[in-house]
Amino acid sequence: MTWGALRSVEVVGVTCLSAAPVSARRRPSRSSHAFRPRPACQRCSPPQLQHLGPGYLGPEQLPDCLKGCDVVVIPAGVPRKPGMTRDDLFNTNATIVATLAAACAQHCPEAMICIIANPVNSTIPITAEVFKKHGVYNPSKIFGVTTLDIVRANTFVAELKGLDPARVNVPVICGHAGKTIIPLISQCTPKVDFPQDQLTALTGRIQEAGTEVVKAKAGAGSATLSMAYAGARFIFSLVDAMNGKEGVVECSFVKSQETECTYFSTPLLLGKKGIEKNLGIGQVSSFEEKMISDAIPELKASIKKGEDFLKTLK
């Protein structure tokens, strides 16, 4: 992997020492750190990121932090604890995302905006509404990062079939929470087959993998290392596409016309200006078709919750 041109990438909402969301600390304040990718040597994959300075701290430094950015990544927010769903994070994380999205709309309106903060099914509609409010909305440049679902699906399928997970690709569509996480194992490459009972169990594990991690950590947080890897994978793919690499495809939760839901995750062909083409859902099995149908009401409700949230902000 090589990066033909330098890109300014901001990761907004992390701290220098712990990489934990600042919003979860005793005195909430948002910090960000500017990273610029440098061309990778042949041995470096993914390319290293070079830190440009001491970073920025607090709302007063946010404008300087964001000016000139090509890509902004927002992982800010509180992590899940045992017994919590992604939706339980809504009240805290929605405010954080809305605040940072407004700053992006004002200071780097042309940047690619990548939202990791959960619940993504609601925080992407929030981000879109903020950009609309500022008159700078471009649906091709706002992404809900769902790559962790794909990484998990690839890993679990590979484990069951004795394959290299790096060579497995399972598209995961719809949303990024519970039953809205729909792995299209019928479209897996290489082709794999499972008995229905094993397929049902595998699908359930992919959908609840985040909860599995939260329980395993016993209150110490949610997925961090795997999320960092998945987030980096998506950002590297996006920057590659921005720099002219062709054929870059990643799944992401975006503005969509694929279903009755106004936002939906599908494989996307990425390009210099963001989404070059939505590749759609494709051919699915009857099992997957039913999962999509069952998930639509929940996804629509989460989207509406995000859109309605902006009406409560002054």
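**Labels and the values behind them**

Modeller: Just after helix 4, Gly162 takes a positive phi of about 65 degrees. Please keep in mind throughout that this is a predicted model.

Colleague: What makes up the chain in terms of helices and strands, and what share of the residues is buried?

Modeller: The chain has eight helices and twelve strands, and of its 314 residues 51% are buried. Among contacts between residues at least 6 apart in sequence, 66% join residues at least 24 apart.

Colleague: Staying with helix 4, why is this helix called mostly covered?

Modeller: Eleven of the 15 residues in helix 4 are buried, and among them are Leu148, Asp149, Arg152, Asn154 and Phe156. The buried residues of this helix pack against strand 8, strand 9 (181-183), helix 5 (196-207), helix 6 (209-217), helix 7 (225-242) and strand 10 (249-255). As for its length, helix 4 (residues 147-161) reaches 21 Å from its first C-alpha to its last, close to the 21 Å expected at 1.5 Å a residue.

Colleague: Why does Lys141 count as buried?

Modeller: Buried means under 20% relative accessible area, and Lys141, at 13% relative accessibility, therefore counts as buried. This lysine is found in the loop between helix 3 and strand 7 (142-144).

Colleague: What makes the pair formed by Glu110 and Lys141 close enough for a polar contact?

Modeller: The backbone oxygen of Glu110 lies 3.0 Å from a polar atom of the Lys141 side chain, and the cut-off for such a pair of N or O atoms is within 3.5 Å. Leaving aside residues up to four places away in sequence, Lys141 touches Glu110, Ala111, Met112, Ile113 and Lys273.

Colleague: Why is Leu100 called buried, and where is this residue placed?

Modeller: The place of Leu100 is in helix 2, and at 1% relative accessibility this leucine counts as buried, because the cut-off is under 20%. Leu100 and Val130 are 30 residues apart in sequence and 9.7 Å apart in space, C-alpha to C-alpha.

Colleague: Which other residues of helix 2 are buried, and what do they pack against?

Modeller: The buried residues of helix 2 include Phe90, Asn93, Ile96, Val97 and Cys104, and the buried residues of this helix pack against strand 1 (9-12), helix 1, strand 5, strand 6, helix 3 and helix 8. Helix 2 has 18 residues and reaches 25 Å from its first C-alpha to its last, close to the 26 Å expected at 1.5 Å a residue.

Colleague: Which residues touch the most other members of the largest nonpolar core?

Modeller: Of the 48 residues in that core, Leu66, Val72, Ile126 and Phe264 touch the most other members. The elements that give two or more residues to this core include helix 1 (62-66), helix 2 (90-107), helix 3 (120-133), strand 11 (263-271) and helix 8, and helix 2 gives the most, with eleven residues. Apart from this core lies another, of 23 residues, among them Val71, Met112, Met227 and Met242.

Colleague: What does Ile126 touch?

Modeller: Not counting residues up to four places away in sequence, Ile126 touches Phe90, Ala94, Val97, Ala98, Gly306, Phe309 and Leu310.

Colleague: Why does Asp308 count as partly exposed?

Modeller: Partly exposed covers the range between the buried cut-off, under 20%, and the exposed one, over 50%, so Asp308, at 26% relative accessibility, counts as partly exposed. Asp308 is found in helix 8, and its C-alpha atom is separated by 8.3 Å from that of Ile126, 182 residues apart along the chain.

Colleague: Where in helix 8 does the kink lie, and what length does this helix reach?

Modeller: The kink, of about 35 degrees, lies at Ile296, shortly before the proline Pro297. Helix 8 (residues 286-312) has 27 residues and reaches 40 Å from its first C-alpha to its last, close to the 39 Å expected at 1.5 Å a residue. Ile296 is one of the buried residues of helix 8, as are Glu288, Ser302 and Gly306.

Colleague: Finally, how do you know that strand 11 and strand 12 pair?

Modeller: Pairing needs at least two bridges, and strand 11 and strand 12 (residues 274-278) pair in the antiparallel sense over four bridges. A hairpin joins strand 11 to strand 12 through two residues, and Gly271 stands opposite Gly274 in strand 12.

Technical notes
Residues numbered from 1 in each chain as written. Predicted model: local features only at pLDDT ≥ 70, side-chain atom pairs only at ≥ 80, totals over all residues. Heavy atoms only, no water. Expected span 1.5 Å × (residues − 1). Bend = angle between axes of the 7 residues up to and from the residue. Buried < 20%, exposed > 50% of the residue type's maximum accessible area, 1.4 Å probe, protein only. Core = buried A, V, L, I, M, F, W, Y, C linked by side-chain atoms within 4.5 Å. Contact = heavy atoms within 4.5 Å. Polar contact = N/O pair within 3.5 Å; in protein donor to acceptor, adjacent residues only side chain to side chain.
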